[in-house]
Amino acid sequence: MTIKHDNSSNLPGRLVALDLGAKRVGVAVCDELRITVTPLSLIERRSWKDLLRRVAEIVEGYDARGLIIGLPLNMDGTEGFAAEEAMTVAENFRRSLNVPVYLQDERLTSVEAHSEMRAAGEKDEAIDRRIDSESAAIILRDFIGTSQNPDVSG
């Protein structure tokens, strides 16, 4: 699957990213110039209605111009159950929010987040508490990098 970034992903403004998990959703936001990315508090996943309400509040509160959702592809690039679930959630957000919704390959983001936090001297308890939102931050950084350099991927 090729993940396409359209021209609106290059418009200025903040973006919000989500790392969807079965129980917890990691959240991150970037600044208006899309230079710095900040992990936010995670969302405990209860129901679709609750998740939609909380994400809508974050998008509105930060005046975000787009929502990025991590797409958990298999290591060989194929789509499994988790990717199908993420695409369904993305489509539901597209129907419910007034901002564009994008999918971003999130393979190995949790591994990268764990390595970065461990290298920074974080303890296991802190890593467990913040890994989801740190992963969302990496998803957002990756999205910003690819949307600003559209010729890089394919």
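Colleague: In which strand is Asp-19 found?

Modeller: Asp-19 is found in strand β1, residues 16-20. Helices (H or I, at least four residues) and strands (E, at least two) are DSSP runs, numbered from the N terminus. Please note that this is a predicted model, in which local features need pLDDT of at least 70 and side-chain atom pairs count only at pLDDT 80 or more, while totals for chains, interfaces and linings use all residues. Residues are numbered from 1 along each chain as its sequence is written, and side-chain values use heavy atoms, with hydrogens and water left out.

Colleague: Is Asp-19 buried or exposed?

Modeller: Asp-19 is buried, yet has no salt bridge. Buried means under 20% relative accessible area, exposed over 50%, and partly exposed in between, with a 1.4 Å probe and protein chains only. A salt bridge is a side-chain nitrogen of Lys or Arg within 4 Å of a carboxyl oxygen of Asp or Glu.

Colleague: Which side chain of opposite charge is nearest to Asp-19, then?

Modeller: That is Arg-24, 8.4 Å away. For charge, Lys and Arg count as positive and Asp and Glu as negative; His and the chain ends are not counted.

Colleague: Where does Arg-24 pair, and with which residue?

Modeller: The bridge partner of Arg-24 is Glu-44 in β3. Strand β2 (residues 24-30) and β3 run antiparallel, joined by six bridges. Two strands pair if DSSP finds at least two bridges between them.

Colleague: What is the strand order of the whole sheet?

Modeller: The order is β3-β2-β1-β4-β5, an open sheet of five strands with mixed pairing. Its edge strands, β3 (37-44) and β5 (101-105), each pair on one side only.

Colleague: Changing topic, how many salt bridges does the structure hold?

Modeller: It holds nine. One of them joins Asp-50 to Arg-46, with the closest N and O atoms 3.5 Å apart.

Colleague: Are those two residues buried or exposed?

Modeller: Asp-50 counts as buried because its relative accessibility is 12%, whereas Arg-46 is exposed, with a relative accessible area of 60%. Both belong to a network of salt bridges that also links Arg-53 and Glu-57.

Colleague: What about Arg-95: with which residue does it form a salt bridge?

Modeller: Arg-95 pairs with Glu-91, the closest N and O atoms being 3.7 Å apart. Both lie in helix α2, four residues apart, about one turn of the helix. Arg-95 counts as exposed at 64% relative accessibility, and Glu-91 is partly exposed at 31%.
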